2 protein chains.
Amino acid sequence: MGAYRGFVTTESAFIAALRTLATDPAARGLLDDAAVLEIGGAELVLTHDMIVEGVHFLATDPPGDIAWKLVAVNLSDLAAKGAKPLGVLLGYTLADDDAWNEAFIAGLRQTLSAFRVALFGGDTVAASPGTARALGLTAIGLAEASPSRAGAAPGDHLWVSGTIGDGGAGLRIARRELDGPAALVERYRQPRPRLELGQALAPFVHAMMDVSDGLLIDAGRMADASGLAVEIDLAVLPLSASFISMLGEDREARLDAATMGDDYELLFAAPDAQAVELLALAERLGIPLTRIGEFAQGAGLRLRDGAETVPLPARLGYEHVPK
Amino acid sequence: MGAYRGFVTTESAFIAALRTLATDPAARGLLDDAAVLEIGGAELVLTHDMIVEGVHFLATDPPGDIAWKLVAVNLSDLAAKGAKPLGVLLGYTLADDDAWNEAFIAGLRQTLSAFRVALFGGDTVAASPGTARALGLTAIGLAEASPSRAGAAPGDHLWVSGTIGDGGAGLRIARRELDGPAALVERYRQPRPRLELGQALAPFVHAMMDVSDGLLIDAGRMADASGLAVEIDLAVLPLSASFISMLGEDREARLDAATMGDDYELLFAAPDAQAVELLALAERLGIPLTRIGEFAQGAGLRLRDGAETVPLPARLGYEHVPK
């Protein structure tokens with residue numbers, strides 16, 4: 001998730017130092033959406049994301065939505081590895097506010113039930129009065145052969161699921177910066193991790209990740225991890241009718257959509273030969289899958305709008321800590 | 001760990017509500033030290049503990065010791081289930097304080113190396129200025145047949161490893177409430193989870209847990225979970241020479257030791273027939289194992305001092321959230 005929004009120097013140094021500790025292959029160099037641990041022929045996929053009051057949510061946000069988001073962003077990491085979720089461990093700072101705690105539990109119940117995920121355990125600790133809530137979740141899933149971010153090959157197409165920009169547009173509505181359809185606020189507040197799709201895609205793809213920080217920054221990370229260049233065509237970016245009704249579909253709107261983040265769609269690399277099967281799979285699951293770019297030898301991210309080359313925007317998405 | 005030290009009503013209600021969500025057998029009703037999940041013939045043991053600045057540690061505590069404690073308290077939960085640790089996921093709130101962050105990483109490196117545990121991943125999030133640090137750790141281990149808290153049988157002896165009261169005495173020294181040997185402060189600041197011992201004990205015991213909140217409260221929890229009564233003999237409580245030099249060994253000192261918490265020793269129930277093998281194991285590992293009580297039909301905790309019955313103290317240990 002778009003977790004880290006400050007202290008970039010401190011952060012970079014911290015992550016670089018952590019990376020020197022994460023030498024086990026399961027850690028994937030802290031460069032993937034999740035850790036992948038081989039246990040008796042199966043792959044156990046593990047991820048841990050935190051959300052903090054005042055950084056990722058406001059004290060006035062509906063607690064049920066916060067529970068949903070905490071679970072959903074972690075499950076999205078599992079989806080990106082093609083994993084079926086098994087359960088979660090919750091880390092919860094308990095403030096002396098019964099109504100908030102009860103609403104959080106109700107939201108957690110609804111979320112776990114919606115995704116058929118078990119609560120395995122966790123920890124609840126007292127928050128000193130005035131302390132921001134810090135919520136952590138560990139999600140555990142099982143996969144067969146989970147794709148990494150690093151497997152794209154030259155000539156592979158870059159694909160994305162669903163539509164891009166809806167969550168970011170929803171955030172602007174929630175913040176009252178702009179007016180727009182309530183469906184977009186829902187996309188922001190209750191993202192739907194692509195669990196079934198991720199499991200179905202895993203056998204066909206060379207690389208996969210979720211789009212949480214912005215399509216451009218995340219696509220660039222996949223290209224970097226794979227040691228390749230990637231070029232994206234803004235003209236074919238999948239936008240929803242709601243997004244278009246609110247922000248239009250010109251180049252500016254498309255650049256906006258590609259850098260907003262909070263999409264929780266799947267981004268993946270697949271060889272041309274898989275296109276027919278991927279489109280059949282999209283049809284079967286009722287989820288659009290769109291080819292938006294190509295990988296090539298080289299390095300870096302390039303943009304075009306149809307035939308026209310487009311310079312990269314100054315900001316590609318949210319800079320934050322890789323997981 | 002002795003995590004929860006306030007809002008008992010809110011806490012009880014919160015945990016009761018969480019428990020209604022934790023219906024998967026792996027969750028063990030949120031009544032055990034860890035969740036235990038069967039994966040392809042093996043048992044995966046999962047635990048998540050948080051520590052919060054101002055609640056579990058002070059901003060002025062050495063960051064390396066905080067890293068140690070965060071890892072050690074989680075590994076102690078794995079030890080209690082006889083699990084061999086595989087790795088951890090870290091949840092870290094990053095404040096703009098390079099010296100603190102660097103010292104934390106150095107301590108984490110030392111701790112992971114000391115226990116030969118991998119860093120698998122995690123999340124780092126920005127802390128808003130002035131926000132208390134909240135650190136979470138998920139530890140993952142593998143076991144063969146992990147004992148629960150609930151398996152004690154009538155007639156079983158209650159055993160404890162090592163010595164009791166050292167961590168609690170160390171905390172009083174660290175807080176400058178009393179003077180005493182530096183070795184006790186070390187016991188408080190750098191607890192040593194009984195990993196090797198836990199794995200060796202698991203095949204011999206009916207029930208096992210770690211002592212984190214106080215021997216009496218934790219023994220009472222094992223008896224409750226097993227549907228039995230337990231009686232403890234204060235006269236045989238294992239005390240260290242350092243503890244005795246500081247606090248003596250009269251009944252008051254023994255009650256103190258039995259209710260202080262922060263021991264991270266193993267507490268277990270085993271049938272009389274295993275005593276010889278257990279004492280041989282203690283000899284082989286160089287860790288004292290002491291029979292301190294017996295389980296019987298009935299309910300509740302009773303105390304004696306040799307032949308004399310002793311009334312229960314008002315406070316048995318730290319009340320907090322079961323994990």
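Author: Axes are lines fitted to C-alpha atoms, for helices over the stretch in contact, and angles between them run from 0 to 180 degrees. The model read here is a predicted one.

Reader: What describes two packed helices?

Author: Two packed helices are described by the angle between their axes and by the distance between those axes. In chain B, helix 4 (residues 166–174) packs with helix 5 (residues 182–189) at an angle of about 105°, and their axes are 7 Å apart.

Reader: Is helix 4 of chain B roughly parallel or roughly perpendicular to helix 5 of chain B?

Author: Angles of 65 to 115 degrees count as roughly perpendicular. The angle of about 105° therefore makes helix 4 of chain B roughly perpendicular to helix 5 of chain B.

Reader: Which residues of helix 4 and helix 5 of chain B make the contact?

Author: From helix 4 of chain B come Asp166(B), Gly167(B), Ala169(B), Gly170(B), Leu171(B), Ile173(B) and Ala174(B). From helix 5 of chain B come Leu184(B), Val185(B), Glu186(B), Arg187(B), Tyr188(B) and Arg189(B). By type, the residues of this contact are seven nonpolar, two polar and four charged.

Reader: At what angle do helix 4 and helix 5 of chain A pack?

Author: Helix 4 and helix 5 of chain A pack at about 105°, with their axes 7 Å apart. Helix 4 of chain A is thus roughly perpendicular to helix 5 of chain A. The residues that meet there include Leu171(A) and Ile173(A) in helix 4 and Leu184(A) and Tyr188(A) in helix 5. This contact in chain A divides into seven nonpolar, two polar and four charged residues.

Reader: What rotation superposes chain A on chain B?

Author: A rotation of 180°, with 0.0 Å of shift along its axis, superposes chain A on chain B with an RMSD of 0.0 Å. That is the relation of a two-fold axis.

Reader: How many residues of chain A are in contact with chain B, and how many of chain B with chain A?

Author: In the contact between the chains, 66 residues of chain A meet 66 residues of chain B. Several elements of chain A each supply at least two residues to the side that touches chain B, among them helix 1 (8–21), strand 2 (42–52), helix 3 (98–114) and strand 5 (134–143). Strand 4 of chain A gives the most, with nine residues. The residues on this side of chain A are 39 nonpolar, 18 polar and nine charged. Because 100% of the interface residues of chain A are also interface residues in chain B, the copies meet through the same surface.

Reader: Where do nonpolar side chains tend to be in soluble globular proteins?

Author: In soluble globular proteins, nonpolar side chains tend to be buried together. Here the largest nonpolar core has 208 residues. Those with the most contacts inside this core are Leu46, Phe120 and Phe268 of chain A and Leu46, Phe120 and Phe268 of chain B.

Reader: Which residues is Phe120(A) in contact with, leaving aside neighbours within four places in sequence?

Author: Within chain A, Phe120(A) is in contact with Gly87(A), Val88(A) and Leu89(A). Across in chain B, Phe120(A) is in contact with Asp24(B), Ala26(B), Ala27(B), Ala35(B), Leu37(B) and Leu46(B).

Reader: Is Arg28(B) buried or exposed?

Author: A residue counts as buried if 20 or more other C-beta atoms lie within 10 Å of its own. Arg28(B) has 23 such atoms within 10 Å, so Arg28(B) is buried. Tyr264(B) has 27 C-beta neighbours inside 10 Å and therefore counts as buried. Val310(A), in strand 12 of chain A, has 17 C-beta neighbours inside 10 Å and so counts as partly exposed.

Reader: How far apart are the C-alpha atoms of Leu195(B) and Lys84(B)?

Author: The C-alpha atoms of Leu195(B) and Lys84(B) are separated by 7.0 Å, while the two residues are 111 residues apart along the chain. Leu195(B) is in helix 6 of chain B and, with 21 C-beta neighbours inside 10 Å, counts as buried.

Methods: Residues are numbered from 1 along each chain as its sequence is written. Chains are lettered from A and ligands numbered from 1 in the order in which they are written. This is a predicted model: local features need pLDDT of at least 70, side-chain atom pairs count only at pLDDT 80 or more; totals for chains, interfaces and linings use all residues. Two residues are in contact if their C-beta atoms, placed from the backbone, lie within 7 Å. Helices (H or I, at least four residues) and strands (E, at least two) are DSSP runs, numbered from the N terminus. Ala, Val, Leu, Ile, Met, Phe, Trp, Tyr, Cys and Pro count as nonpolar, Asp, Glu, Lys and Arg as charged, and the others, Gly among them, as polar. Copies are superposed by least squares on the C-alpha atoms of residues with pLDDT of at least 70 in both. Angles under 35 degrees count as roughly parallel, over 145 as roughly antiparallel, 65 to 115 as roughly perpendicular and the rest as oblique. A nonpolar core is a set of buried Ala, Val, Leu, Ile, Met, Phe, Trp, Tyr and Cys residues joined through C-beta atoms within 7 Å. A residue is buried if 20 or more other C-beta atoms lie within 10 Å of its own, exposed if 12 or fewer, and partly exposed in between; C-beta atoms are placed from the backbone.
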